[in-house]
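Here are my notes on the model, for you to read beside the coordinates. The points are grouped by region.

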Amino acid sequence: MVMYISLFSGGISSFESTCRLLDEFPNETRIWFFDTKIEDQDTYRFIKDCEVFFNMKIEIYSDGRNPWQVFRDERYIGNSRITPCNKLLKRRVLENKLHEEEFDNERIILVFGISGDEDYRGKRISEGWRRKNIYTKFPLLENPIYYGQGYEEFERKYNLISPRLYKLGFKHNNCGGACVKAGIKQWTHLYDNFPNIYLWHEEQEKITRQLLQKDVSILRDRNGGITKPLTLEALRRRIE
Ligand code: SF4
């Protein structure tokens, strides 16, 4: 029997993708969530609500570390181009789990909630896993293609409360709104909405810079045509 594993990110798109999958393969689906240990607290509430909606357990796995612990271990701070956090806290944990469960690659299909506006990612993801002999599925890229929806529409449609980050204007519900791939605008938004969480990341960046003894940071300052590191501390002072 083929097993479909829905890689649930805690966001609305992966919810929609899981719904489509369960409609098609209700008895051959499992749902996995990879916890980076810096998720927004409301994500766990959303996961529980989704479990009731799907009538299925969402299995939570983690490496045990958060992205900053990974950056210190890897001696590299993640940024918009390179994300060791994603590689080690999500992809590697997924690979380990597949290995641990001794799945036959030919009988596994990984399911991603990639929507129509980012279909270019689908091709890359699918080619990457194919090299490992694993098939992928993208329910949102199948007809009718899903191009995303607002949280109000989502709530009306499913009678569920969406993750609070959407209501606060964040585009994605991952890593508590503190994704290293995000730019200055989102980090400023994080500071405006969750100053304590921002300050925690600022402190983590400081500790990591000291450990690495290097002028490195998540963000880049491109003012004046010169690109240089912009620390979260410097950005906060700028905002203030
Ligand atoms: S969401 Fe961003 S910060 Fe979190 S693991 Fe992925 S790349 Fe890293």
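Which residues does Arg209 touch, not counting residues up to four places away in sequence? The first point takes this up. Keep in mind throughout that this is a predicted model.

1. **Arg209.** Arg209 touches Ile77, Lys214, Asp215, Val216 and Thr231, with residues up to four places away in sequence not counted. Arg209 itself lies in helix H9. Its relative accessibility is 23%, so it counts as partly exposed.

2. **Thr208.** Thr208 is also a residue of helix H9. Is it buried or exposed? Thr208 has a relative accessible area of 0%, so it is buried. The cut-off for buried is under 20%. Leaving aside neighbours within four places in sequence, Thr208 is in contact with Trp68, Phe71, Arg72 and Ile77.

3. **H3 against H9.** Helix H3 covers residues 67-74, and helix H9 covers residues 195-212. Their axes come within 10 Å and cross at roughly 10°. Angles under 35 degrees count as roughly parallel. H3 and H9 are therefore roughly parallel to each other. From H3, the contact is made by Trp68, Phe71 and Arg72. From H9 come Trp200, His201, Gln204, Glu205, Ile207, Thr208 and Leu211. By class, this contact has five nonpolar, three polar and two charged residues.

4. **Ile197.** Helix H9 also holds Ile197. At 30% relative accessibility, Ile197 counts as partly exposed, because the class runs between the 20% and 50% cut-offs. Ile197 and Ile38 are 159 residues apart along the chain. Their C-alpha atoms are separated by 9.5 Å.

5. **Ligand shell.** Which residues surround the ligand? They are Thr83, Cys85, Asn86, Lys90, Asn174, Cys175, Cys179, Val180 and Lys181. The shell divides into four nonpolar, three polar and two charged residues.

6. **Cys175.** One of the residues around the ligand is Cys175. It is found in the loop between helix H7 (164-167) and helix H8 (184-193). Cys175 has a positive phi of about 50° although it is not a glycine. Its relative accessibility is 12%, so Cys175 counts as buried. Please check the backbone here.

7. **Asn55.** Asn55 has a positive phi too, of about 55°, and is not a glycine. It is found in the loop between helix H2 (41-54) and strand E3 (58-61). Is Asn55 buried or exposed? At 69% relative accessibility, Asn55 counts as exposed, since the cut-off is over 50%.

8. **Cis bond at Pro144.** The peptide bond from Asn143 to Pro144 is cis. Its omega is near -5°. Pro144 is found in the loop between strand E5 (135-137) and helix H6 (151-158).

9. **Tyr151.** Tyr151 is found in helix H6. Its relative accessibility is 25%, so Tyr151 counts as partly exposed. Beyond neighbours within four places in sequence, Tyr151 is in contact with Ile12, Ser162, Tyr166 and Lys167. Tyr151 and Arg164 are 13 residues apart along the chain, and their C-alpha atoms are separated by 9.3 Å.

10. **Asp117.** With which side chain does the side chain of Asp117 make a polar contact? The partner is the side chain of Ser115, at 2.6 Å. Asp117 is found in the loop between strand E4 (108-111) and helix H5 (119-130). Asp117 and Gly176 are 59 residues apart in sequence. From C-alpha to C-alpha, Asp117 and Gly176 are 23 Å apart in space.

11. **Ser6.** Ser6 is found in strand E1, residues 3-7. Its relative accessible area is 1%, so Ser6 is buried. Not counting residues up to four places away in sequence, Ser6 touches Thr18, Leu21, Arg30, Ile31, Trp32 and Val111.

Conventions:
Residues are numbered from 1 along each chain as its sequence is written. This is a predicted model: local features need pLDDT of at least 70, side-chain atom pairs count only at pLDDT 80 or more; totals for chains, interfaces and linings use all residues. Side-chain values use heavy atoms; hydrogens and water are left out. A residue is near a molecule or strand if one of its heavy atoms lies within 4 Å of it. Ala, Val, Leu, Ile, Met, Phe, Trp, Tyr, Cys and Pro count as nonpolar, Asp, Glu, Lys and Arg as charged, and the others, Gly among them, as polar. Axes are lines fitted to C-alpha atoms, for helices over the stretch in contact, and angles run from 0 to 180 degrees between N-to-C directions. Helices (H or I, at least four residues) and strands (E, at least two) are DSSP runs, numbered from the N terminus. Angles under 35 degrees count as roughly parallel, over 145 as roughly antiparallel, 65 to 115 as roughly perpendicular and the rest as oblique. Contact means heavy atoms within 4.5 Å. Buried means under 20% relative accessible area, exposed over 50%, partly exposed in between (1.4 Å probe, protein chains only). A polar contact is a pair of N or O atoms within 3.5 Å; within protein, one must be able to donate a hydrogen and the other to accept it, and residues adjacent in sequence count only if both atoms are side-chain atoms.
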